[in-house]
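Trainee: May we go through this structure together? I would like to start with its domains.

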Amino acid sequence: MSDDTATVSSSRAITVTINGTTYEREVEARKLLIHFVRDDLDLTGSHIGCDTGNCGACSMIVDGTLVKSCMMLAVQADGATIETVEGLASGDELSVLQQSFREHHALQCGYCTPGMLMSATALLRENPSPSEAEIKKALQGNICRCTGYWNIIEAVKAAGK
Amino acid sequence: MSTTTVAPERVELQKGWAGQSVPRKEDKRLLQGEGLFVDDVKRHGMGYIHFVRSPYAHAHITSIDVSKAEEIKGVYGTLTGEEVASLTDPFFQLSTPPGAHIKDYALAVGKVRYVGEAVVAVVAETRELARDASELVEIEYEPLAPVVDARRARDAETPVLHDDAGSNLMWEGVYEWGDVDAAFAEADQVVKISELHFHRFNSTPLETDGAVVEYNRGVGQWTIHCNNQFPGFAAIMMGPAMRVGLDKLRFVTQDIGGGFGNKITSHPQLVACCLLARKLGRPVNWTEWRTDFHLSMSHGNERWFHDTEVAVKSDGTLLGFRTKALDDAGAWLRYEPLGGVIWAQVVPGMYRWKHVKLEFAQVATNKAPVSPNRGYSRMQHLWFTERVIDIVAHELDLDPVEVRKRNYIRADEMPYTTPNGCVYDSGDYAAMLDTALGLIGYDAMESRRSDAAARGKFLGVGIGSTLDSGTNNFGQSRMINPELQFSGNNEVATVKLDIFGEIVVTLGTTPQGQGHETTAAQVVADILGCSVDDVHVRAGHDDYWNSHAGFSGTYASQFAVTGLTAVKGATELLAAEIKKLGSVILGGVPEEALELAEGTVRIKDNPEAALPFMACGAIINANNAGLPEDLDVTLNCRYVYRPPFEVPDLERKYGNLTLTYAAQVHVAVVEIDPETGYYEVVDYSAVDDCGKRINPQIVEGQVMGATAQAIGAAMHEVFEYDEDGNLLTPNFYDYHVPHTLDMPPLATGAIESPSPFTELGTKGMGEGGGAGIHAICAAVQDALRGHGDAIVWDSCNPYHRVWEMLQHPEQTRDLVEVTNA
């Protein structure tokens, strides 16, 4: 049995660029991207809310595509350019979307917020002025248990104008 | 999705910060991914805990072998129930016998009692390795028959979970107020409802439970970084069990990813963490997996109501009711049987029922233990009273709006003493109902009903009118167990002025998104005459701040009363000290001639003569030679707020159980597709009255959140077990919480009826009383009127249940009977 476990634990070197910084690390083959980013790189802004890819708290933009980083192994991200919540603000200045979340009280506990912001960022890049229906569709993969979404939708709408 | 806030007439416009929707101080860090949640805490050499959990609902543990797991390189160690039982004592039980006799430990000892119960803990270098190694722990079980239906728990042939208790009955009590027999004698009609069921669910905070625990061997103290929302309760559970004083348990929280009551009872897991940190000589991280949370943590109380009878006059006046409540506690009493009394905060709901009898029993079953969940125990009872109102109206062909208005406690009766001695502080329920109905365009509802019918849909309207009772009198726990030495309540705050004039506030609370840093700063700024930006409220909770007391925490709708009154008290002490110092420094000017403004203490008639706060802080903290000996000023003030409570009369079960009673009236409009039972909420209004609002935007956010959770609970969310005791909804695939696409249009409204019993006129709020559940149940029943006339008898009505009610309305009709007295 212990030999089997040793096999599962095999690791390899990967290189990823996150928010403009390049990281080279040895990573266990079975490690999820979200655990790699949080535990190995100390970028703890992205969160984990489920085991099943339902909640979206770990959403990141990988090579321009929105992904749930718990649905991807770290080794699969080798060579990728990744954007996380930590990269949204310019220094201390919040992005228009972040500012809009603040103004519209679109967050309470703030746990889903990083994933929600990444999903909304991906939406606004593709569709700078989304309708309410388009916003709802784009955010349907992100669970929030505090706000009931109404203020989040208003915040994204306002940021899109 | 327009959101309307009705400008209430009675709002007294306030000057200053309180009353304004100040943007939250918390937001900047949270928006940048710079919050500090428990799993973000890291320590050198930290090990990761994985719990091995029971696959059986009920079984004897015949053997445990951890040797293979411990052989793996990178595995630091394990903990078993046997070790726990030798190192700790069972947790203190709140119940009288028989519940008092059960022996609850941090891990299962000898027996498992629900699927997902923690049996062994494994600690390893990484999360992944801990999980892998857990697979190597060998546990032999001897399965027993499970108890999954609370209604069968007391049957003679039913297996017993806790032999020490003798049966599955944990606690029972009879509550009776007024003259119930006389009420039924006076009634023109009696409506009987044989069974109603409030289902099992919880708020599923997006962040699961967790902790990072360090042990300082030299001083024998644990530092527990966690997301427990009631450290005071955890401490009194953990200290005696671990045989240590509470000074040895230092609780620290910062950002918490939602709590909703579900994070009150993590003390068993925290004990396991503490034992492992000490045993292994290294910090340990426990981060619960989502599946673990669903399987094992804090399900809301499932409750049955049997043999209900309601005494009614022919004009629709409600006289009284009697019922038997049966609470399914799950396998352990982790906060229970407090649910057996908490409901009594709102005995008559919003109504003038004078005569009430309720026989309460709580039983153990082979399901996850229940714990507080947003609206804890009152929600179950309020759902019952609202169901009763709408079933009575349905059966007697009365208008649900008129029945409510006829029976609501009136504004001119406030403060109103309920049959069991609770004092509703203020409110105008009928005005709230009118506002809520106006927001959904109730006047045009009949034409909308016709329009829906033309499209083949059944439209229904439902009302949920509830109370969010806040600031507990913990003396009510003695109605459960007279031996308990709890009563009253308290909360703490400190405010200090530091060397460079920094205003620093600490709280005792453990906020999970309620914006305490912001609202506390608003109260401080108004008193000190400065900007909210000048007020620094420390994030989270730390026992080392010494700004906590026995009941500190964030639960039970109380911060706006307990927390903010403590802040107000501490700030007023500081303001007085600043003036005292100013009086000396400004040459003996009387304190009455001074004012605090623009970050200074200054002479009212001569604002040029001002001493900046920075100078005050510097003088007291670093430049104090020559000050008068009798100048009693530290500029570091601590205040403990203690609400005015008496111990209830235990014989009569009578007394005021909470200080404030915020109110909610929600109206839901649904459209049902009769072919399938599928339905949508097409319109929704929520009107809230929580007295004075310090920050209306935060209040509205709480109203919205509670509404969304209620919609989820009413339509989808259920912790459903099969006959073998397997949880069928252990993750977010099967447990459907609302998504963006599920949300109806919402109009919110607010009325402010300041509480006469609180210093700021505020009332605790946030739980929302489950108003949305009641409103949707009522709306579904209304939509089915004339289409089989089914009675909604369960609090969760997914599409298949609506379809069943359409197909077989008689099965629900059989639950109801009307007799003429």
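**Domains, sheet and helix**

Mentor: The centres of domain 2 of chain B and domain 3 of chain B, taken over C-alpha atoms, are separated by 41 Å. The domain bounds come from an automatic or database domain assignment. This is a predicted model, in which local features need pLDDT of at least 70, side-chain atom pairs count only at pLDDT 80 or more, and totals for chains, interfaces and linings use all residues. Residues are numbered from 1 along each chain as its sequence is written, and chains are lettered from A and ligands numbered from 1 in the order in which they are written.

Trainee: How many residues of domain 2 of chain B are in contact with domain 3 of chain B?

Mentor: 20 residues of domain 2 of chain B contact 17 residues of domain 3 of chain B, a contact being two C-beta atoms, placed from the backbone, within 7 Å. On the domain 2 side, strand E18 (458-472) of chain B gives the most, with 4 residues.

Trainee: What counts as a strand, and which sheet holds E18(B)?

Mentor: Helices (H or I, at least four residues) and strands (E, at least two) are DSSP runs, numbered from the N terminus. E18(B) belongs to an open sheet of 4 strands with mixed pairing, in the order E18-E27-E28-E29 (chain B). Two strands pair if DSSP finds at least two bridges between them.

Trainee: Which are the edge strands?

Mentor: They are E18 and strand E29 (747-750) of chain B, each of which pairs on one side only. E27(B) and E28(B) pair in the antiparallel sense over 10 bridges, and B:Ala668 stands opposite B:Tyr684 in E28(B).

Trainee: Changing topic: which residues of helix H20 of chain B are buried?

Mentor: In H20 (residues 799-807) of chain B, the buried residues are B:Val802, B:Met805 and B:Leu806. A residue is buried if 20 or more other C-beta atoms lie within 10 Å of its own, exposed if 12 or fewer, and partly exposed in between, with C-beta atoms placed from the backbone.

Trainee: Why do they line one face of the helix?

Mentor: Seen down the axis of H20(B), the buried residues fall within an arc of 100°, so they line one face; the arc is that of the directions from the helix axis to the C-beta atoms. The face turned away from the buried side carries the exposed residues B:His800 and B:Gln807.

Trainee: And what covers the buried residues of H20(B)?

Mentor: The cover includes strand E27 (658-672), strand E28 (679-689), helix H19 (771-783) and helix H21 (809-813) of chain B.
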